[in-house]
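Please look at the arrangement of strands and helices in the model shown here.

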Amino acid sequence: MKKTLVVFVGAGRSGSTLIDLLLERNKFCFAVGELRYFFSRSIGKNQLCSCGDTVFDCLFWSELAKKTARLELTSDYGYFNFFERLRNFYRLLLSRYFGCYRKESQEYTAVNMMLLDYIFSKAGKSVIVDSSKFPFRALAAKILLARNVDVRLVHLVRDPRAVAYSWTTVKKRPEIKDEEVYMDRHSFVYSSLLWALIDVSCKFVKLFYSRDQKITIRYEDFCVDPVGSYSGLSEFMTGVPDMSLDLDEQHNSPSHALSGNPIRFNKILKVSRDDRWLKNTSKFKRVIFGVLLYPLLKSHGYKL
Ligand SMILES: [Zn+2]
């Protein structure tokens with residue numbers, strides 16, 4: 001099977017960690033978490049892998065962590081930000097259509113392929129699932145990595161009002177050792193606008209992917225039929241549907257995912273739709289934000 005990189009795009013708090021944890025059970029897939037943060041958080045801040053060790057002690061990551069430390073790639077976040085940030089994405093287009101930024105493009109490809117080659121070889125799997133979710137990381141992958149690896153895109157969508165509500169809640173970050181740190185919180189207004197910006201960016205990036213290289217999944221649909229959705233996703237990623245997902249079976253071997261939702265540290269995985277936002281958000285607020293985001297809401301089949 002050809003080596004494949006599957007890049008998830010979409011807003012944070014859309015349920016990608018839950019889907020990752022299920023994809024880890026697929027015999028072809030390795031769910032890597034948010035690979036974008038390998039240098040800045042896992043190496044630079046010595047944060048914990050989901051197995052409970054730092055990347056320097058983790059059985060899966062330690063070799064790579066030591067190698068990148070030797071190469072002094074430990075804290076340089078620039079390799080990714082140079083092309084992947086929203087304000088920098090024009091560089092990708094200039095690189096693609098006019099051959100600009102040749103040195104940076106080569107460097108970006110080399111650094112990313114070093115990570116990917118290591119993961120493919122260490123995991124012994126043919127599909128890497130990267131849930132970084134940055135839309136322009138998917139564009140960078142398509143433009144700068146597709147010559148080396150088959151690249152596919154999953155656009156994960158969740159009702160923006162549910163996403164915005166989730167960003168207002170308090171969540172601890174268990175990957176940070178020795179101190180109590182909480183995930184960033186944002187206002188409902190900020191998160192709704194950010195969701196819209198991310199959604200428009202995802203729609204733009206999807207234009208660069210052919211029909212068979214992209215798929216859109218709604219978190220809500222996934223939770224209603226996790227077994228069927230998982231199988232469809234497996235077919236999209238690996239070419240092989242897989243209806244064998246047993247939700248009652250708990251996975252015993254530790255995962256090695258980087259960054260993401262704290263549920264990746266839970267011993268027991270519960271697949272259920274998180275609809276707390278409906279109870280905790282006033283109808284007035286839901287309608288107002290529904291109207292504001294209506295064209296995007298409608299494009300994904302959500303109601304006011
Ligand atoms: Zn680990």
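Predicted model: local features only at pLDDT ≥ 70, side-chain atom pairs only at ≥ 80, totals over all residues.

Residues are numbered from 1 along each chain as its sequence is written.

**The sheet**

Helices (H or I, at least four residues) and strands (E, at least two) are DSSP runs, numbered from the N terminus. Two strands count as paired if DSSP finds at least two bridges between them. The open sheet consists of five strands with parallel pairing, in the order β2-β3-β1-β4-β5. Its edges are β2 (29-33) and β5 (214-218); each has a single partner strand, so one side of each is left without a neighbour in the sheet. On average, neighbouring strands are turned by 25° against each other, direction ignored. β4 (residues 150-157) pairs with β5 in the parallel sense over five bridges, and H155 stands opposite T216 in β5.

**Helices on the sheet**

Contact between two residues requires C-beta atoms, placed from the backbone, within 7 Å. Axes are lines fitted to C-alpha atoms, for helices over the stretch in contact, and angles run from 0 to 180 degrees between N-to-C directions. Helix α9 (residues 188-206) packs on the sheet and touches β1 (4-9), β4 and β5, with its direction at about 150° to that of β4. Helix α11 (residues 226-238) lies across β1, β2, β3 (127-133), β4 and β5, and runs at about 165° to β5.

**Helix-helix contacts**

Helix α7 (residues 135-145) packs with α5 (residues 89-98) and with α6 (residues 102-123).

| Pair | Axis distance | Angle |
|---|---|---|
| α5 and α7 | within 10 Å | roughly 15° |
| α6 and α7 | 10 Å | about 100° |

Angles under 35 degrees count as roughly parallel, over 145 as roughly antiparallel, 65 to 115 as roughly perpendicular and the rest as oblique. α5 is thus roughly parallel to α7, whereas α6 and α7 are roughly perpendicular to each other.

In the α5 contact, F89, L92, S95 and R96 meet F136, L139, A140 and I143 of α7. By class, these are six nonpolar, one polar and one charged residues. Here Ala, Val, Leu, Ile, Met, Phe, Trp, Tyr, Cys and Pro count as nonpolar, Asp, Glu, Lys and Arg as charged, and the others, Gly among them, as polar.

In the α6 contact, S105, Y108, T109, N112 and M113 meet A140, L144 and L145 of α7. This contact has five nonpolar, three polar and no charged residues.
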